[in-house]
Amino acid sequence: MNLWRDIKGTLQPFWITLGYLFKKPVTIQYPEEKRTPPPRYRARIVLTRNPDGTERCVACQLCSAACPVDCISMQAAEDDDGRRYASWFRINFARCIFCGLCAEACPTMAIQTTPDYEICNRDVLKLVQEKEDLLIDGCGKDTEYNYYEHSGIGVANERGGNEDEYGPVDPKALVP
Amino acid sequence: MNDLLISLILILVKLGLIFGVVLSMAAYLVLAERKILGRMQMRYGPNRIGPGGMIQPLCDVIKLITKEDFVPARADKWIFLFAPGLTALTALLSFAVVPFSPPLTLFGREIPMVVCDLNIGLLYLFGLSSLAVYGVVLGGWASNSKYSLLGAMRGLAQMLSYELSLGLALVPVVMTAKSFSLTEIVMAQSTWPNMLQHPLAFIIFMVSITAESKRTPFDMPEAENEIVAGFHTEYSGMRFGLFFVGEYINLIVIGAMTTVFFLGGWNGPFLPPVVWFVGKVLFVAFLFIWARGSMPRPRYDQLLRFGWKVLIPLALLNVVITGAIRLAMNG
């Protein structure tokens with residue numbers, strides 16, 4: 001009967017809410033309790049180093065070009081042996097939207113996102129970070145990868161002398 | 001002359017006491033409501049300011065006072081400014097007739113524990129709750145906003161129609177006590193509370209008073225998801241705060257009314273009467289908060305149909321049956 005259904009429908013929610021009243025809330029109390037984000041979480045951006053300790057960044061500007069809000073800027077320079085590096089490297093975290101496109105664009109895996117999400121600052125200029133703030137002493141996500149052992153122009157090895165790299169093609173030869 | 005002065009001082013002391021207790025209780029009811037609702041939704045509710053969020057009401061008041069007091073363009077300015085006060089005032093005035101303890105004898109003087117023991121206390125309460133409609137209607141109308149007007153219209157219709165069943169539900173109570181005075185109604189319940197004597201009247205009363213005081217699930221006048229905030233959409237700062245505080249004072253008034261009319265007032269074993277009274281009031285307040293956490297809001301026409309077609313006939317029937325039984329028992 002409808003009346004019985006209505007009375008039941010009126011009283012049942014009271015019982016359910018009473019049950020929830022004594023359950024532990026699922027809220028994470030932020031400053032005291034901190035959530036551990038997943039390892040691939042996109043927060044603070046860092047510049048990583050090769051396994052041998054040298055800088056990975058070759059100042060190719062790809063991250064800067066990929067950045068949708070133009071928060072990355074750098075100046076390219078060259079070593080004595082022709083190895084490129086960034087003479088300065090700047091990320092404006094006040095503009096960064098943490099999309100991770102820079103990390104995807106990077107051919108040398110130099111620029112990477114980390115799960116460190118506590119970046120806020122009351123002084124907005126402190127969010128503009130320079131190379132010395134960004135560079136870390138580690139390899140980040142891939143501890144093996146070294147761009148110049150696989151490719152690159154005659155810096156670490158002669159052209160085509162790297163592991164799993166072919167020698168340069170002779171354009172004048174008839175057969176490939 | 002001396003006697004008169006003492007009486008006057010006593011009344012002032014009682015007034016101050018009730019004013020302070022009721023206002024601070026209203027402030028903490030807001031906090032309690034937010035916390036209980038939070039727990040029912042598996043959240044904590046406010047717990048940042050002070051231990052367990054105990055200073056939150058104070059901070060809310062400071063925030064409301066320091067906000068801009070905004071009057072919309074082409075609003076009816078004076079009515080707009082006046083309406084929130086009316087809501088809070090009528091809610092506060094209701095407490096004048098609520099007895100919270102049996103008369104106390106101090107220095108050979110009998111002091112009634114009520115500001116003013118009117119012999120028509122019940123009618124006084126009804127008069128004030130009718131006046132409270134004006135706060136809603138004038139506030140909504142003077143705002144010059146469609147949402148406010150809709151809210152005010154709903155509030156008017158809802159409160160007028162539910163006042164009938166509310167009054168009819170209390171007729172059996174008056175029949176039992178043979179008096180309109182709240183003190184005597186409580187005295188009449190010294191053996192057992194009216195809730196057991198008149199269960200149907202109790203249920204009708206609870207439903208009607210929920211609608212009368214615009215509490216969820218019958219908060220159509222301020223239905224957030226349909227008409228923004230109903231009659232107080234355009235209010236800001238402390239004027240909104242007055243509506244808000246009025247609502248929570250009203251919650252305590254409802255608690256007190258339910259306690260006096262149906263739960264036996266201060267009557268109870270072991271504990272002092274005041275503790276029983278306050279405990280019962282808080283329990284009723286919890287019931288209303290609980291209902292807010294549990295019930296969805298019905299449609300507006302459903303609410304009115306339920307009031308006119310179910311509650312009022314039921315209440316009338318209840319009055320007739322109670323009258324017949326009383327007549328048969330006496331005759």
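This is a predicted model: local features need pLDDT of at least 70, side-chain atom pairs count only at pLDDT 80 or more; totals for chains, interfaces and linings use all residues.
Q: Why is Ile9(B) called exposed?
A: Ile9(B) has 10 other C-beta atoms within 10 Å. A residue counts as exposed if that number is 12 or fewer, so the label follows. As for its place, Ile9(B) sits in helix α1 of chain B.

Q: What makes Met113(B) partly exposed?
A: Its count of C-beta neighbours inside 10 Å is 18. Buried would need 20 or more, and exposed would need 12 or fewer, so Met113(B) falls in between.

Q: Where is Met113(B), and which residues is Met113(B) in contact with, leaving aside its neighbours within four places in sequence?
A: Met113(B) belongs to the loop between β2 (109–111) and α4 (121–142) of chain B. Its contacts beyond those neighbours are Pro99(B), Phe100(B), Ser101(B), Pro102(B), Pro103(B) and Leu104(B). Gly52(B), on the other hand, is 33 Å away from Met113(B), C-alpha to C-alpha, and 61 residues away in sequence.

Q: Why is α1(B) described as roughly perpendicular to α10(B)?
A: The axis of α1(B) and that of helix α10 (residues 237–261) of chain B cross at roughly 105° and come within 9 Å. Angles of 65 to 115 degrees count as roughly perpendicular, so this pair qualifies.

Q: How do you know whether the radius of gyration of chain B agrees or disagrees with that of a compact globule?
A: For 331 residues, a compact globule would have a value near 20 Å; chain B has 20 Å, so the two agree. Along the principal axes, the C-alpha atoms of chain B fill a box of roughly 65 × 50 × 45 Å. Buried residues account for 41% of the chain. Among contacts in chain B between residues at least 6 apart in sequence, 76% join residues at least 24 apart.

Q: What elements make up chain B?
A: Chain B has 12 helices and two strands. Read from the N terminus, their order is α-α-α-β-β-α-α-α-α-α-α-α-α-α.

Q: What makes β2 and β5 of chain A edge strands?
A: In chain A, an open sheet of three strands runs in the order β2-β3-β5, with antiparallel pairing. The strands β2 (72–78) and β5 (128–129) each pair on one side only, and that makes them the edges. Between β2(A) and strand β3 (residues 84–92) of chain A, the antiparallel pairing extends over seven bridges. Ala77(A) stands opposite Tyr85(A) of β3(A).

Q: How many residues does each chain bring to the contact between A and B, and which element gives the most on the side of chain B?
A: Nine residues come from chain B and nine residues from chain A. On the side of chain B, the elements that give two or more residues are α1 (2–40) and α11 (273–294). The most come from α11(B), with three residues. By class, this side of chain B has five nonpolar, two polar and two charged residues.

Key. Residues are numbered from 1 along each chain as its sequence is written. Chains are lettered from A and ligands numbered from 1 in the order in which they are written. Two residues are in contact if their C-beta atoms, placed from the backbone, lie within 7 Å. Helices (H or I, at least four residues) and strands (E, at least two) are DSSP runs, numbered from the N terminus. Ala, Val, Leu, Ile, Met, Phe, Trp, Tyr, Cys and Pro count as nonpolar, Asp, Glu, Lys and Arg as charged, and the others, Gly among them, as polar. Two strands pair if DSSP finds at least two bridges between them. The radius of gyration is taken over C-alpha atoms; the globule rule is 2.2 Å times the number of residues to the power 0.38. Axes are lines fitted to C-alpha atoms, for helices over the stretch in contact, and angles run from 0 to 180 degrees between N-to-C directions. Angles under 35 degrees count as roughly parallel, over 145 as roughly antiparallel, 65 to 115 as roughly perpendicular and the rest as oblique.
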